[in-house]
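Here are some notes on the structure you asked about. Please read them with the sequence and the model side by side.

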Amino acid sequence: MSELSILELLERMEEIIENSKSIPFTSKVMVEKDELLEIIKEIRLLLPQELSQVKWAKEERKKILERAQKEAEAIINDAESKVKGLVDETEIVKLAEKRAEEIIQKAKEHAKEYRLMAQSYTIELLEQTKKTIENIVKELNYNIDQIRQKNS
């Protein structure tokens, strides 16, 4: 009681028609009316069953396709979300690297400024110390001269 049954019944009808006596000088044949009607009745009985199976198969196919579509959309959404997350992470890393480079550059600039300031301060201190020492040397020379003059 499947599609094959209906096909078999249709083949039987074809055989009946092909094996029937033809009416001379026409393409018409004489068939057993009751026999053909019985086959048609059996086909009619089988058709609703066959149609309901086809309908069920179509509905199942539709459900499967809908589930597959939903799963595909979920996979795509998940993949897009992961890609976006990776892009966001990459952007965060890039921003962090850029910020780190800026901080390093500023630190280098500050270090250079402090080094120059320290050098300037050291030079200034050394010059002051030199002047102080020169003054001390002058005073020492003066004192030496004073002592020599008193002794002469």
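Which residue forms a salt bridge with Lys-82, and how far apart are the closest N and O atoms? Keep this question in mind; point 1 takes it up. Note first that the model is a predicted one.

1. The partner of Lys-82 is Asp-78, and the closest N and O atoms of the salt bridge are 3.5 Å apart. That distance qualifies because the cut-off for a salt bridge is 4 Å. Both residues belong to helix H2, where they are four residues apart, about one turn of the helix. Lys-82 has 54% relative accessibility, so it counts as exposed. Asp-78, at 40%, counts as partly exposed.

2. The count of salt bridges comes to three. Another of them joins the side chains of Lys-63 and Glu-60, with 3.7 Å from N to O. Lys-63 and Glu-60 are about one helical turn apart because they are three residues apart in helix H2, which covers residues 33–151. Lys-63 is partly exposed, with a relative accessibility of 44%. Glu-60 is also partly exposed, with a value of 24%.

3. Arg-99 and Glu-102 sit three residues apart in helix H2, so about one helical turn separates them. Arg-99 has a relative accessible area of 46% and is partly exposed. Glu-102 is partly exposed as well, at 36%.

4. Next comes the layout of the chain. The domain assignment gives domain 1 as residues 1–89 and domain 2 as residues 92–151. The centres of domain 1 and domain 2, taken over C-alpha atoms, are separated by 100 Å. When you describe the domains, please say that their bounds come from an assignment.

5. In UniProt, an unreviewed entry lists residues 58–150 as "coiled-coil region". In the model, residues 58–150 are 100% helix and 0% strand.

6. Now turn to the strands. Lys-21 lies in strand S1. With 66% relative accessibility, Lys-21 counts as exposed. Leaving aside neighbours within four places in sequence, Lys-21 is in contact with Val-29 and Met-30. Lys-21 and Val-31 are ten residues apart in sequence, and their C-alpha atoms are 7.5 Å apart in space.

7. Phe-25 is found in the loop between strand S1 (21–22) and strand S2 (29–30). Is Phe-25 exposed or buried? Phe-25 counts as exposed, with 89% relative accessibility. Its backbone also deserves a remark: phi of Phe-25 is near 65 degrees, a positive value in a residue other than glycine. Most residues other than glycine have a negative phi.

8. The last point concerns the surface. Which residues make a nonpolar surface patch of about 200 Å²? The patch is made by Ile-17, Val-29 and Val-31. Ile-17 lies in helix H1, which covers residues 3–19. Ile-17 counts as partly exposed because its relative accessibility is 41%.

Note on methods:
Residues are numbered from 1 along each chain as its sequence is written. This is a predicted model: local features need pLDDT of at least 70, side-chain atom pairs count only at pLDDT 80 or more; totals for chains, interfaces and linings use all residues. Side-chain values use heavy atoms; hydrogens and water are left out. Patches are made of residues with over 30% relative accessible area and no salt bridge: like charges are joined within 9 Å, nonpolar side chains (Val, Leu, Ile, Met, Phe, Trp, Tyr) within 5 Å. Accessible areas come from the Shrake-Rupley method with a 1.4 Å probe; for residues, only the protein chains shown count as cover. Helices (H or I, at least four residues) and strands (E, at least two) are DSSP runs, numbered from the N terminus. Buried means under 20% relative accessible area, exposed over 50%, partly exposed in between (1.4 Å probe, protein chains only). UniProt positions are given in the numbering used here, feature names are shortened, and annotations may be inferred rather than shown by experiment. Contact means heavy atoms within 4.5 Å.
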